[in-house]
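Colleague: Hi! Could you walk me through this one?
Modeller: Happy to, let me put it on screen.

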Amino acid sequence: MSKSKTIYVCDACGATSPKWLGRCPDCGAWNSLVESLPMAASANTRHTAYAVASHAQDLTAVVSEETPRVSTGLQELDRVLGGGQVAGAAMLLGGDPGIGKSTLLLQAVSHLAQSGPALYVTGEESAGQVAMRARRLDLSSRGIRLLAENNLEQILAQAQTESPAVLVVDSIQTVFSDALQSAPGSVAQVRECAAQLVRYAKRAGVAVWLVGHVTKEGTLAGPRVLEHMVDTVLYFEGEPGNSFRIVRAIKNRFGAVNELGVFSMTDKGLAEVDNPSSLFLSQHAQPVPGSAVLVTQEGTRPLLVEVQALVSPSPLANPRRVAIGLDPNRLSMLLAVLHRHGGVPLFDQDVFINVVGGVRLNEPAADLAVVMALLSSFRNRPLDAERVLFGEVGLAGEVRAVSRAGDRLKEAAKLGFKRAMLPAASRLERSVGGIKVLQVDKLGDALDLAFD
Ligand code: TYD
Ligand code: MG
């Protein structure tokens, strides 16, 4: 009996199994295994093409080459990429449908095409729609070749003849390979097509952009699998109803991660925002309870962000805990610390946290501001509107140092803040750049001084 060649791949972690299982033995996800083609079967022929004989050498003898960068014409995007686009890099741009991924790449490609031919593959929109958008945005279309195609083999063949310097595939979920039976967008297809395109990028030295839609759970379809295949993973974020958009590097082999690029969506496409510090503060005429301002450090840039909290008595047996822009687990932890070390019991309260402007706070330095916003809402007393807060709160109720406290304060001073509360361990002067510094090392002290 001939053996079936199919294997099963976990769409959460990418682990493979020869037979279907209800639960992934690697990551424990339920019902996540999907049918796929074995990668190993043809691996030998696939990889020999660029396997060169290697030998060890002294690290001192290695000549390091600066990777040449090509500007995308958008400085905000260049910075997130680590200084511009690199030839031969495979980049993934993920985001919700309608957030502006196609717009961003069309703008970038229009500039990139001036220094080398560009091939824009559109699987979602027709060539006419893309052309119409380029015209509406007043973009130069010189040097941009357009291909409306979903078939991977066709795309690669066209790329071979066109030999572009940059290839955009919009989106990877619409591309399918003849080698697989499954539908476009399925994990197997996305994985296989992305792998082939990444190989093409490396072999031909072409910068390849893959556009990927994020699913409801916030991951790219099939997605963790894609993240480790490519060199750079960018997420395009923003809130519906708000024109600001943030590009964030989650992974970058050619630059720093967590770097942010800020754009605003206008009727002429995406406009760069070079000084975004004050964007994420809502302007209150009067100080309001539940609002705290922190300085977060995203990549190389400090950013002032407002955290809003609403605490109200809950009619439910299990009060609600909702966090937008903050990890819900972090919120649970802070509520427990607040109860245990601050004596503020919120177990019978509904708790909502919102970070203004669709920013996602990933660093623990936001803890102090979250705790203070919670306290302020619970007590129904506004915090000092001219004070910024930052510091990590530990499980023992201590306020721990955060990186680059001085830079954060300078940014706050620029925007007119007068006072700051921050960890004593930062060891700053009592006054930095005109800001009066209040240093705390325990959560209890911070709470006592909250309304001073
Ligand atoms: P798009 O780039 O098509 O999003 P994606 O590729 O991520 O799905 O952007 C679509 C949205 O952007 C759409 O709702 C309209 C808006 N938009 C503008 O507001 N101004 C513009 O100039 C353009 C091109 C789009
Ligand atoms: Mg699109």
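Modeller: Let's start at α3, which is mostly covered, with 10 of its 12 residues buried. Buried is used for a residue with 20 or more other C-beta atoms within 10 Å of its own, exposed for 12 or fewer, and partly exposed for in between, with C-beta atoms placed from the backbone. This is a predicted model, where local features need pLDDT of at least 70 and side-chain atom pairs count only at pLDDT 80 or more, while totals for chains, interfaces and linings use all residues. Residues are numbered from 1 along each chain as its sequence is written, and chains are lettered from A and ligands numbered from 1 in the order in which they are written.

Colleague: Which residues of α3 are buried?
Modeller: Lys-101, Ser-102, Leu-104, Leu-105, Leu-106, Gln-107, Ala-108, Val-109, Ser-110 and Leu-112.

Colleague: And what does α3 reach from its first C-alpha to its last?
Modeller: Helix α3 covers residues 101-112 and reaches 16 Å, close to the 16 Å expected at 1.5 Å a residue. That expected span is 1.5 Å times one less than the number of residues. Helices here are DSSP runs of H or I with at least four residues, strands are runs of E with at least two, and both are numbered from the N terminus.

Colleague: Switching to ligand 1: how many residues surround it?
Modeller: 14 residues do, and the closest are Gly-100, Lys-101, Ser-102, Thr-103 and Gly-269. To be near, a residue needs its C-beta atom, placed from the backbone, within 6 Å. α3 gives the largest share of that shell, three residues.

Colleague: What's the shell made of, by residue class?
Modeller: Four nonpolar, six polar and four charged residues. Ala, Val, Leu, Ile, Met, Phe, Trp, Tyr, Cys and Pro count as nonpolar, Asp, Glu, Lys and Arg as charged, and the others, Gly among them, as polar.

Colleague: Now the domains, where are they?
Modeller: The assignment, automatic or from a database, gives domain 1 (7-39), domain 2 (70-274) and domain 3 (291-448). The C-alpha centres of domain 2 and domain 3 lie 36 Å apart.

Colleague: How many residues of domain 2 are in contact with domain 3?
Modeller: 10 residues of domain 2 are in contact with nine residues of domain 3, contact being C-beta atoms, placed from the backbone, within 7 Å. On the domain 2 side, β11 (232-238) and β12 (244-252) are the elements that give two or more residues.

Colleague: Last one, how much of the whole chain is buried?
Modeller: Of its 452 residues, 42% count as buried.

Conventions
Two residues are in contact if their C-beta atoms, placed from the backbone, lie within 7 Å.
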